[in-house]
Amino acid sequence: MDQQQFQKIVDEKNPKVPYFMNIIKAFIVGGIICTIGQLITFFYMRFFPFTEATAGNPTVATLVFIAMILTGTGIYKKIAQVGGAGSAVPVTGFGNAVISAAIEHRSEGYVLGVGGNMFKLAGSVILFGVLSAFVVALIKTILVNIGVISW
Amino acid sequence: MKKSIIFFLLALSLGACSSAQEQVIFPSDDSTSLNPIIQKHDTIHGYKSVINEEAILVAISINRFDRFNKTKIEKKLTKQIEKAFPEKEVLVSGDQKVMWEVESIIEQKPKKEDLKKLIEKIKSLSKEET
């Protein structure tokens, strides 16, 4: 039996991945998270002096705070099991990645344990987020200076 | 379980139907040429405005997919209104917060000095960037 035959048998025996159901579930879970975020935005705009442009910052902070509580109590794990990418792509997924790493390495001490390992998972997100934002801003600055678009 | 989910989704989709925006100017006895300027724009489906001696505040509600061009529409409208009212300071905003603040001013029906304070408050709000 060579490699290809073996692979064929493995493919036959493996249960099929329910791609379509996964996509639907991710859509619904991600949509619910984003709806909650929109409601928090409206809450900050209604009861605090924030406008549409400025309400984003406290909303992100609140969502990460909620994700922190859900991660600590183990509820976010269950949401992620159902939602998959729908729970990982919004900012709550980022919060979850930071906080779960911090909880995991708590026993190694606060400085070298928590401080050193907190951004093991999410550090790449921050790095490439900052880098891509810089590149996009650079492109836009050049385009504005040439006169193709305006701010 | 399934039925309740379907019911929930139906209620959600029906909740998206909202009433049409009206056009309100405060004080209402102020006869202005604001209406024809704004009605020329088909990207705007309603506005609420507050006017005193020094300033004009216009909160516009922009159609859903035209919101991508929000700043452009605001700028264009600001220029046109400034032309019509050269002696006044004009603030046009498509921001929901400004809309709510203008609505609360219209509901309160404040006197002249209070109105001035409230308008200043909204102006400083819209300048805020952090």
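A residue counts as buried when its relative accessible area is under 20%. Keep that cut-off in mind for this predicted model, since four of the five residues of β4(B) fall in the buried class, so the strand is largely enclosed by the rest of the structure. Chain B holds five helices and four strands, and its strands build an open sheet with mixed pairing. Here is a short tour, starting with the chain as a whole.

**Chain B overall**

- Along the sequence, the elements of chain B follow the pattern α-β-α-β-β-α-β-α-α.
- Chain B has 130 residues, and 40% of them count as buried.
- If you take the contacts in chain B between residues at least 6 apart in sequence, 60% of them link residues that are at least 24 apart.

- From one strand to the next, the twist averages 15 degrees.
- Helix α4 (residues 96-108) of chain B packs on this sheet and touches β1, β2, β3 and β4 of chain B.
- The direction of helix α4 makes about 50 degrees with that of β2(B).

**How the strands pair**

- β1(B) and β2(B) run parallel and are joined by four bridges; in this pair, B:Val24 stands opposite B:Lys48 in β2(B).
- β2 (residues 44-51) and β3 (residues 55-62) of chain B run antiparallel, with seven bridges between them.
- These two strands, β2(B) and β3(B), form a hairpin with three residues between them.
- β3(B) and β4(B) pair in the parallel sense over five bridges, and B:Leu57 stands opposite B:Leu91 in β4(B).

- B:Lys48 and B:Trp100 are 52 residues apart along the chain, with their C-alpha atoms separated by 9.5 Å.

**The second largest pocket**

- This pocket has a volume of about 400 Å³.
- Its lining is made up of 16 residues, and B:Glu74, B:Ser93, B:Asp95, B:Ser126 and B:Lys127 are the ones that lie nearest its centre.
- Helix α3 (70-84), strand β4 and helix α5 (112-127) of chain B are the elements that each give two or more residues to the lining.

- B:Lys109 lies in the loop between α4 and α5 of chain B.
- Most residues other than glycine have a negative phi. For B:Lys109, phi is near 50 degrees, a positive value in a residue other than glycine.
- The relative accessibility of B:Lys109 is 61%, over the 50% mark, so this residue counts as exposed.
- B:Ser124 is found in helix α5 of chain B, and its relative accessibility of 43% makes it partly exposed.
- Between B:Ser124 and B:Ser61 there are 63 residues of sequence separation and 20 Å in space, C-alpha to C-alpha.

Key
Residues numbered from 1 in each chain as written. Chains lettered and ligands numbered in written order. Predicted model: local features only at pLDDT ≥ 70, side-chain atom pairs only at ≥ 80, totals over all residues. Heavy atoms only, no water. Pairing = 2+ DSSP bridges. Axes fitted to C-alpha atoms, helices over the stretch in contact; angles between N-to-C directions. Contact = heavy atoms within 4.5 Å. Buried < 20%, exposed > 50% of the residue type's maximum accessible area, 1.4 Å probe, protein only. 1 Å grid on protein atoms, 1.4 Å probe; cavity = no way out; pocket = protein on both sides within 12 Å on 5 of 7 lines; lining within 4 Å. Points joined across faces, edges and corners; volume = space filled by probe spheres on them.
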